[in-house]
Amino acid sequence: MRAILQRLVIAALAIYIVLLLGPIAGFDVPVIAARIAADPPQQLLQFFIIGIANGSIIAIIALGYTMVYGIIELINFAHGDVYMIGVFTALTVLSVAGTIGTNPSPGRIIVALVVALVIAVVFCATLNATIERLAYRRLRNAPRLAPLISAIGMSFILENIGLIWAGQAWLIPSLGTTGGASQKAFPDLLTSLTAQFGLDVNLLAGTGIGLRFTAKDLLVIVLAAVLMISLRLFVQNTRMGKAMRATAQNRDAAKMMGIDIDRVITTTFLIGGGLAGAAGLMAGLYNNTAWWFMGFRAGLQAFTAAVLGGIGNITGAMLGGILIGLLASFSDGYLNARWTNAWVFTTLVLILLFRPSGLLGEQVGQKA
Amino acid sequence: MNNTSLRSGVIFGILGGLVVFLFGAWSVMVIGVIIGLALGLTFGARVKEKDMLKAAQHELVPASVAAAVLVAISLLQNFVLAPATGKVPSDIGIVIAANIVGALGLIFFAGLTTALHALPPRQEQIGKLALLAFLIVTFPFIDSFAGLRWTPQLIFALIFVILGLGLNIVVGYAGLLDLGYAAFFAIGAYTTGILSSPQHDIHWNFWLVIWIAAAVAGIWGLILGAPTLPLRGDYLAIVTLGFGEIVPVVFKNLTKVTIQDPITCWILPGLFRLFGSSTTTQCLTLMRDEDLTAGERGINPIGRPWLPFIGEFQSDNPIPWYFLILAIILLSIFLIRRLHNSRLGRAWMAIREDELAAAQMGINPVRAKLLAFAMGATFSGFAGAFYGAYIRGIFPSVFDFSVSIIVLCTIILGGLGNINGVIVGGLVIMGADRLFLPALKDFLKGLMDHTVLPALASNHTLQLAVSQNADPILYRFLLFGLTLVIMMAVRPEGLIPSAQRRAELHAAEELAGPTIEEEITGPTVPEGKQA
């Protein structure tokens, strides 16, 4: 009885503090409630669509975090920046293929997109595996924080490469000569593609539902679903997938069973990097910006998603990605975009404190 | 013996020359003295001679070699590189005078430090400290005499030294990787800003505000540290990183703060309305639409310290600021030394080694970790208060993630857990960032404009690409990143490691004989003996 009372008092206090201080961080309950009540119900669904599309991209990045963490227990801090490099790779390919500015034909756009996807995936996969080889491999038996610090260093190196890359106007004329620090435009090819096929930009325009669903949303969601399902099939059904699961469970035992650990880890990094490259192309096409610093924020959101779903768990990362996408979308829509990252972090802290194993992760003891 | 002495002379000469060839003839005087000291402290420590004069004679060869290299580079700079970068070479008389002073200074200080090694340990310590104190005190005056303008940049480096000392408590002693340390720096700076800026009509005295800023930062260290305690090492790092991201966002957005009591303001009115009553309640409002931080525009100006005889500290005279930050550093070093050797300091190290075992031995890990966060944040608060007063304006964008990582970089480079290492790391990293890179940029720009670009005039694309990318400041993140990656791979214990930390990181090599750096610098003195 007393324990229940105690909890009630703590809960009441917590609610009071949230109501008292929440408005400072845009969390003004009466204002938000009034706003949701005043909006048409479609608005909520609209934020839902945006959230799922952005969440799919986050989920794809989160897969890279979760797989690496599952296997070598390292937060690959540079992963978000590999994704950023993916955006710039795709932008460079699209630019070299002549799809920027000159009103290209639909065939050219489609071919360029496929080529950009392949090159971004291959490049980022190689990059990620190279990073593992150079910065993490020799620290595999070092104290736990050493590879994390090395990963942070790698992240800085990649961010700097992005910054330099974004300043190379001779390579990609559309970047402009204002230097690399500013946000750059990524061509909105999918919208122009729908226009060239004579479709309305909004695929649901004729249906009278009052929602906006574009080719961009469709492509991002479909591509993400395809990637996630094939990854799951790969991990569940192939020999290499089995080796990966074994290594994640117990590295030493897997080694004794004749599994080539180095090869498994390299494959994991290759897959993670490739997914980040694909996410880079998707994010560029969806949000139409390329920025050297975008990997930091995206990486933190994706990491939060991976933890939310249960780190090491592939299905969990997908679920977590979608949930974080929805959270960000509703926060952008109903609170204020400038607080969105703060809310994502708050989520991260709350999960780590109250359910460190995440939504789908198995309960494990604290490993020091 | 002769071979190594030649080699170390050449190495130190080139190190000094790297600086001289960017800064020109005058810097030879300052660099000569610094290189002489460094040579004496490293190479000279190997001279095993009981007679002071004989010991100094041993140092003569490498010191002369270093001086010769230094002078050669200086002359090269003045007569070959300066014209190529479009600068007017200095007057030949001045160049010769500066070079003679620099070379003699180098040899003299190298000999002096080496001679000190011949004294009994206690006197040797005192002698070294006196020498160091003499140089530190005279530096700003020499600097202003030579017209190098290094003192303002050195003050920045010293701010980062304090930050490094504070972070060292959290990361080096307690072993908690804090990636959001800039948050406490920001809290200290903003506390100072809000309490002493005319923007808020509070105008408190700097000497009071700096203590308040440190206390507020320390309290926030407790508040932000508390939720992270149950977390494992790498999760803790990410959560602190999150706090480090949120705090500047909060400061950026505290421009229209309204704090109202929710019960009287809308729960009760709502209930009344629900039951059809027309009673109204008094709404309790703490503040309404208050602009605390002025958002992106930042707080500007901020009050400055005042002292009798000196008056209010001015921005065009860095010398009082230099001695103020020096005083803060000395106080910090004293406090941190005491902490390190205290019961709490030993508890921190026990937790770092093995938290479970430490808890079994009766250490309260929660208390020790919280205190580590709070103490670390307190020093950051000092640094923040000084920074706010020195810069006179603070903006949320200054306190971003990169600051936390630069501080981490300084302590990793210098040596986790070792005060001397942290100081050297801070000076090296910030010296590179604030002095070396800008000078290198000027040098490269001059070289590009006067020599390289005209030669490339035929190829316009190449010319543009070269001129755009020949800016070393663009690559500073790359350098910080490389520092972290390379240090982790090659020397995770840092340049000047603490004995304990090193033993931990090299447990496997314990029996494998002396390590490479022992070959160069001689066996490491255990930390306790240095104090």
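Confidence comes before anything else. Chain B has a mean pLDDT of 83, and 94% of its residues reach 70 or more; pLDDT is the predictor's confidence in each residue, from 0 to 100. This is a predicted model: local features need pLDDT of at least 70, side-chain atom pairs count only at pLDDT 80 or more, and totals for chains, interfaces and linings use all residues. Residues are numbered from 1 along each chain as its sequence is written, with chains lettered from A and ligands numbered from 1 in the order in which they are written.

Over residues 510-531 of chain B, pLDDT stays under 50. Where pLDDT is low, the predicted coordinates should not be read in detail. For the complex, the predictor gives an ipTM of 0.89 and a pTM of 0.88.

Next, the chain contact. Chain B puts in 45 residues and chain A 41. Contact means C-beta atoms, placed from the backbone, within 7 Å. On the chain B side, elements supplying at least two residues each include α9 (233-253), β1 (257-260) and α18 (476-490). Helices (H or I, at least four residues) and strands (E, at least two) are DSSP runs, numbered from the N terminus. The largest share, eleven residues, comes from α9(B).

Last, a helix pair in chain A. Helix α5 (residues 106-136) and helix α7 (residues 189-196) pack at about 145°, axes 10 Å apart. Axes are lines fitted to C-alpha atoms over the stretch in contact, and angles run from 0 to 180 degrees between N-to-C directions. From α5(A), the contact uses A:Pro106, A:Ile109 and A:Leu113; from α7(A), A:Leu189, A:Leu193 and A:Gln196.

Definitions and conventions: Two residues are in contact if their C-beta atoms, placed from the backbone, lie within 7 Å.
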